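Subject: Structure handover

Hello,

Here is the structure we talked about. Please open it first, then read my notes below.

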Amino acid sequence: MAGGLAVSSRQLAALRLLRRRLIQAVPLMLGVVVINFVLIHLAPGSFLELMTAENQVSDPATVALLRKTYGMDDPLWLQLAKYVWALLHFDFGFSYRQNMPVLQAITIHLPATLLLMVSSITLAFAVGVAAGVVASIKVRTVWDTLVSVAAMFFFAAPSFWLGIMMIVLFAVKLGWMPVGGMATIGGGGGVLDILHHLILPTLALGLFYAAIYARVMRSSMLEVSQLDFVRTARAKGLSRRQVTVGHVLRNALLPVVTILGVQMGTVLAGSVVIESVFSWPGVGSLLFDSVSSRNYPVVLGILVLGSLVVIAANIAVDLVYMWLDPRIEIR
Amino acid sequence: MKFDFLGRFSRNRGALVGAVVILGVALLAILAPLVYPTDPLRIVAQPELWPGEDPAYPLGTDSLGRDILAMIVHGARATLLIGLFASSVATIIGVGMGATAGYFGGWIDEIAMRAAELFQTIPNLIFVLTIVLILGSTLQNIVIAIGIVSWTPIARMTRAEFLALRDREFVQACRAMGMGNGRIILGEILPNALPPVIVLSSLVVAGAILFESAVSFLGLGDPNIASWGRLVGDGRQLIRSSWYICAIPGVAIMITVLCLNLIGDGLNDALNPKLRDR
């Protein structure tokens, strides 16, 4: 380790938390894989027949290879074991549509989705927390009402519809924003160009979560501000601003961070729909394409890898949580 | 008691408005065959009539010349039913899992909560799409799939209630009388645990409607049913010339979901007076 001798007890605790979470992730992933396996076997007709028919594979050698890959002739438990074994080696099968291994097809599309997820969560968090704080400081004023009306609106609007409406207004009518895609075709590209394309999808996906965070943050702020330690802070002469920022805000953030962790899967799933609206070249577009072409291996691969992303994101959120609230030791 | 509930519910003005609107939508859904007895997917006029252009079609017509208002009225039926059924599926699974976990505790609790964690980990909409893709786009599969991804909050809530109630004196009294576990769970604890669960279920209806609209929008809805989400998807190609085709069903979804959320808030106020003003 660069830096030296002193690994603080906080860092140690964080490492222990990390180890514990990683161990807990194993049965979770196994569960995801088993569910996947069950889904495959619930499919009407043989999985193999469907797959070969949909992809117009008639070459007997290929079919034999597929039979072997998916172990169609083995007993069920052995098939499951083989499936788990293959996944452990990151063998998700082959996608004929993209003519490459499923894993590769997914990882090509992953960065775009992660970018959209991160930008949407950042927007949701910033806007939601800010709005919630304003509403709680100006409780029962016009500002409070404004925030709750906006939150109600964005909490009820389907994200894909919001996206389309934003395209109509900002891209078609006003011409300020691109209609879709991730970069201008034939243009110079560059970071600014991508950011320009990122704005509308981020708003469409993020505002729903901003609405949730605003509501939670508001009630959490109001609750924390009535606790004893806040009264103590006021009594010892700190200004209202110091108390709000240093004492109330930090503690009030905890429930928001908890929700953030729980919703990682939802955000990933939400990006699927948004990507299809904005032709954003991420995993969602791949999924949509694979769903329409009944490309099962890719769909199942996305389900497994998506769960993996969610687990990783949850661990990250746990670490943030620990950093925010030193009282939390690993249980 | 009942009067008290109604009084507290209607003191929340938002909830009252929500309830009235939802009642209206439900009435519309029930009376749809009377208001528009013919097939709503029938072509009736020239295509892409803007709302207000022809008084016979107040919300205009779509790209094929179908009456948008007729499709909205009939779509209300599909959308509401799917929301209600999916929420029922989620509530049945959630209450079942939560009650068993909370009442028995120990390894049963451990397994149930791990299962809940598992279903929270899998990206929900992707899971729904996969189920519908593999098992087929029928109304039944969509409803079950949405229920399967929506039960976890209900299970957690039920479990917490059962944990709080299972060692209370009235339950101990029942045990001392020799009552069986099944009767205690269903007859004694469950009625006491229900109020917060009802609030959550009403919110799940709203969530289920949003789910279904996304599934239909992506083209995986039941082909025999014109739900509002599908109407948004159908109108998507024409946003440059006739964006209202897309906008109108979306507004319908939004108003319905908004009103269901308002009802949920009102139920929360009425059923959990302790939590008021939170």
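Is Arg140(A) exposed or buried? Arg140(A) counts as exposed, because it has 8 C-beta neighbours inside 10 Å. The cut-offs are these: a residue is buried if 20 or more other C-beta atoms lie within 10 Å of its own, exposed if 12 or fewer, and partly exposed in between, with C-beta atoms placed from the backbone.

Before the rest, some ground rules. This is a predicted model: local features need pLDDT of at least 70, side-chain atom pairs count only at pLDDT 80 or more, and totals for chains, interfaces and linings use all residues. Residues are numbered from 1 along each chain as its sequence is written, while chains are lettered from A and ligands numbered from 1 in the order in which they are written.

**Two loop residues**

Arg140(A) sits in the loop between α5 (102–137) and α6 (142–156) of chain A. Its phi is near 60 degrees, a positive value in a residue other than glycine. Helices (H or I, at least four residues) and strands (E, at least two) are DSSP runs, numbered from the N terminus.

Asn99(A) is not a glycine, yet its phi is positive, about 55 degrees. Look for Asn99(A) in the loop between β1 (94–95) and β2 (100–101) of chain A. Asn99(A) counts as exposed because it has 8 C-beta neighbours inside 10 Å.

**The chains**

Chain A has 13 helices and two strands. Of its 331 residues, 37% are buried. Chain B has eleven helices and zero strands. Its C-alpha trace spans about 75 × 45 × 30 Å along the principal axes. Of the 278 residues in chain B, 51% are buried.

Now contacts. Two residues are in contact if their C-beta atoms, placed from the backbone, lie within 7 Å. Take the contacts with a separation of 6 or more. In chain A, residues 24 or more positions apart account for 71% of them. In chain B, the figure is 69%.

**Where the chains meet**

38 residues of chain B are in contact with 41 residues of chain A. On chain B, α4 (106–121), α5 (124–135), α9 (181–217) and α11 (244–271) each supply at least two residues of the side that touches chain A. The largest share, ten residues, comes from α5(B). By class, this side of chain B has 25 nonpolar, eight polar and five charged residues. For the classes, Ala, Val, Leu, Ile, Met, Phe, Trp, Tyr, Cys and Pro count as nonpolar, Asp, Glu, Lys and Arg as charged, and the others, Gly among them, as polar.

α4(B) has 16 residues. It reaches 23 Å from its first C-alpha to its last, close to the 22 Å expected at 1.5 Å a residue. The expected span is 1.5 Å times one less than the number of residues. The buried residues of α4(B) include Ala112(B), Ala116(B) and Phe119(B).

**Two helix pairs**

In chain A, α10 (residues 240–262) and α13 (residues 296–324) pack at an angle of about 170 degrees, with their axes 10 Å apart. Axes are lines fitted to C-alpha atoms, for helices over the stretch in contact, and angles run from 0 to 180 degrees between N-to-C directions. α10(A) and α13(A) are therefore roughly antiparallel to each other; that label applies to angles over 145 degrees. Their contact has eight nonpolar, two polar and two charged residues.

In chain B, the axes of α9(B) and α11(B) come within 8 Å and cross at roughly 170 degrees. These two helices are therefore roughly antiparallel as well. Among the residues in contact are Ile198(B) of α9(B) and Leu260(B) of α11(B). The residues of this contact divide into 14 nonpolar, six polar and no charged.

Ile184(B) is also in α9(B). It counts as partly exposed, because it has 19 C-beta neighbours inside 10 Å. Not counting residues up to four places away in sequence, Ile184(B) touches Val171(B), Cys174(B), Arg175(B), Met179(B) and Ile189(B).

**The core**

A nonpolar core is a set of buried Ala, Val, Leu, Ile, Met, Phe, Trp, Tyr and Cys residues joined through C-beta atoms within 7 Å. The largest has 167 residues, of which Tyr213(A), Ile302(A), Val128(B) and Leu129(B) touch the most other members. Helix α3 (residues 68–104) of chain B gives the most to this core, with 19 residues.

Best wishes

Conventions: Angles under 35 degrees count as roughly parallel, over 145 as roughly antiparallel, 65 to 115 as roughly perpendicular and the rest as oblique.
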